[in-house]
Amino acid sequence: MAHSVQEVLELAKNVKMVDIRFTDLPGQWQHFTIPVSRLNAEFFEEGIPFDGSSIRGFQEIHESDMLLIPDANTAFIDPVANIPTLVVNCDVYDPITLQPYPRDPRFVARKAEAYLRQTGIADTAFFGPEAEFFIFDNVRYSSGTQESYYHIDSEEGWWNSGRADRQNFGGQISPKRGYFPVPPTDTLQDVRSEIVMALEAAGVEMEIHHHEVATAGQSELGMRFNTLTRMADNTLLYKYIAKNVARKNGKTVTFMPKPLFGDNGSGMHVHSSLWKGDKNVFFEASGYAGLSDTAKYYIGGLLKHAPALLALTSPTTNSFRRLVPGYEAPVNLAYSQRNRSAICRIPVTKSSKAKRVEFRAPDPSANPYLCFSAILMAGLDGIQNRIDPGAPQDKDLYDLPSEEAKKVKQVPGSLGAVLDALEADHEFLLKGDVFTTDLLEAYISYKRVNELEPVRLRPTPFEFTLYFDI
């Protein structure tokens, strides 16, 4: 990736097109493309106008004219485009006042980093998400007046083990057995390697890739941690590259949290740590799991605000098909050094530099700018108010005696409940004007009108199994 306007202009000598990208409120990349001849130094100062009237979560038509200002630090050569193309992320501005647009998710992330510095608690927040996804061979779905269905297929799906209409090699992956056999059982080694190489070509430092627990192509790639805003940029790039490399290989990718019944869903465990200069303020050798008091208060903030946080970190109706007590998802409001059923885990590490907190509830349907910013703000609120997270839970929280289990609180069980929680508990997000009331109201309204209500109104296929013959 380039780091200055001059470096971007040098990169641009080898391309034909420039792709201009920004992010809507739910968290999807949007883009348009200009000829490289339009790219010059002034472009990075003056920006380029666009019509924001149809962008999800942005203003209505009477305030639709907006301005995009490119961030030179984000520029890279697109490794999956057939025509040589330079990509640059942009921030959204008001074209009249020339002020950043308050509903721009990337602006929220930049404000969160500025607020952290303002508190004096730390200079830098590092984030490392683990976004899981599925690589399928075929998918069909429809929802209409008289029908509603989905159909997924994968060469390694366990349901294909008895297929007789063509040659069958066997070796399909049984539910929860995908972690992690070698090829040929793992059919996606080369596809994942291609995705990793493409991400590295785009400037993202990669660390690992592997098959995940579920059948039918569940996968994960490991990106090296980065600062909050840059990590959110990289998360959108990760999704873009994974989808496009898969498509070039005749496959399709989804980051939907729970596409398969009866097997693991896709989470996005988010690791974070705070640094002041070259010191990791989360580390204290004598503390539980090597945690400082600052880190424990950070966890206290995450646990206290978790119901509201989930509206931004697990923000779809489908998220709550994954966040179900007794299954693989971390729904227990507790923390632990090794227990993966707790919502906060402290990964075991011998290095003080690697000491961090893992928040396990998020999934990759989240807008990463809002997700990471909300996690940071909840943690900072915990530090500022010295919120005690209580004692750690170093036992299997799914196997507790009933009396003990009742004492462990769990996250809400639906999108509607967490949106209600966000309405009731959002003051911590408003500090430093990081989130605004307007943005939160627009976000909650969008989720209720466009996701929650349509799902609530529609019968599901399984209801026919349950009720058709009553």
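Two rings of Phe, Tyr or Trp form an aromatic pair if their centres lie within 6.5 Å, and the pair is edge-to-face when the planes are over 60 degrees apart. The structure described here is a predicted model, and it holds 17 aromatic pairs.

## Aromatic pairs and charges over rings

A pair of aromatic rings is described by the distance of the centres and the angle of the planes. One of the pairs brings together Trp 29 and Tyr 240: their ring centres are 5.7 Å apart and their planes stand at 70°, so this pair is edge-to-face. Trp 29 belongs to strand 2 (residues 29-35), while Tyr 240 belongs to helix 5 (residues 228-248).

Elsewhere, one aromatic cluster is formed by Phe 22, Phe 50, Phe 58 and Tyr 101.

Charged side chains also meet aromatic rings. The ring of Tyr 240 has the charged end of Arg 21 over it, 4.1 Å from the ring centre. In a second case, the charged end of Lys 239 sits over the ring of Phe 255, at 5.4 Å from its centre.

## Packing of helix 6

Two packed helices are described by the angle between their axes and the distance between the axes. Helix 6 (residues 293-313) packs against helix 8 (residues 368-384) at an angle of about 140°, and the axes are 6 Å apart. This angle makes helix 6 oblique to helix 8. The crossing of these two helices, helix 6 and helix 8, is right-handed. On the side of helix 6 the contact includes Thr 294, Tyr 297, Tyr 298 and Gly 301, and on the side of helix 8 it includes Leu 370, Cys 371, Ala 374 and Ile 375.

Helix 6 also meets helix 10 (residues 415-424): the two axes come within 7 Å and cross at roughly 115°. Here the crossing of helix 6 and helix 10 is left-handed. Pro 307, Ala 308, Leu 310, Ala 311 and Leu 312 of helix 6 make this contact with Val 418, Leu 419, Ala 421 and Leu 422 of helix 10. Leu 312 is named in the contact of helix 6 with helix 8 and again in the contact with helix 10.

## Backbone features in loops

| Residue or bond | Feature | Value |
|---|---|---|
| Tyr 179 to Phe 180 | cis peptide bond | omega about -15° |
| Pro 183 to Pro 184 | cis peptide bond | omega near 10° |
| Leu 98 | positive phi, not glycine | phi near 60° |

Leu 98 is found in the loop between strand 6 (85-93) and helix 3 (105-119). With a relative accessibility of 52%, Leu 98 counts as exposed. Asp 433 occupies the loop between helix 11 (427-430) and helix 12. Its relative accessible area of 47% makes Asp 433 partly exposed.

## Two individual residues

Ala 442 is part of helix 12 (residues 437-457). Ala 442 has 14% relative accessibility and therefore counts as buried, the limit being under 20%. Apart from residues up to four places away in sequence, Ala 442 touches Leu 25, Gly 57 and Arg 103. Ala 442 and Ser 292 are 150 residues apart along the chain, and their C-alpha atoms are separated by 37 Å.

Arg 338 lies in the loop between strand 16 (332-336) and strand 17 (342-345). At 64% relative accessibility, Arg 338 counts as exposed. Neighbours within four places in sequence aside, Arg 338 is in contact with Arg 345 and Val 348. From C-alpha to C-alpha, Arg 338 and Ala 289 are 9.3 Å apart in space, although 49 residues separate them in sequence.

Notes: Residues numbered from 1 in each chain as written. Predicted model: local features only at pLDDT ≥ 70, side-chain atom pairs only at ≥ 80, totals over all residues. Heavy atoms only, no water. Phe/Tyr/Trp six-rings, centres within 6.5 Å; stacked < 30°, edge-to-face > 60°. Helix = DSSP H or I, 4+ residues; strand = E, 2+ residues; numbered from the N terminus. Lys NZ or Arg CZ within 6 Å of the ring centre and 35° of its normal. Axes fitted to C-alpha atoms, helices over the stretch in contact; angles between N-to-C directions. Parallel < 35°, antiparallel > 145°, perpendicular 65-115°, else oblique. Left-handed = near helix turned anticlockwise from the far one by under 90°. Contact = heavy atoms within 4.5 Å. Buried < 20%, exposed > 50% of the residue type's maximum accessible area, 1.4 Å probe, protein only.
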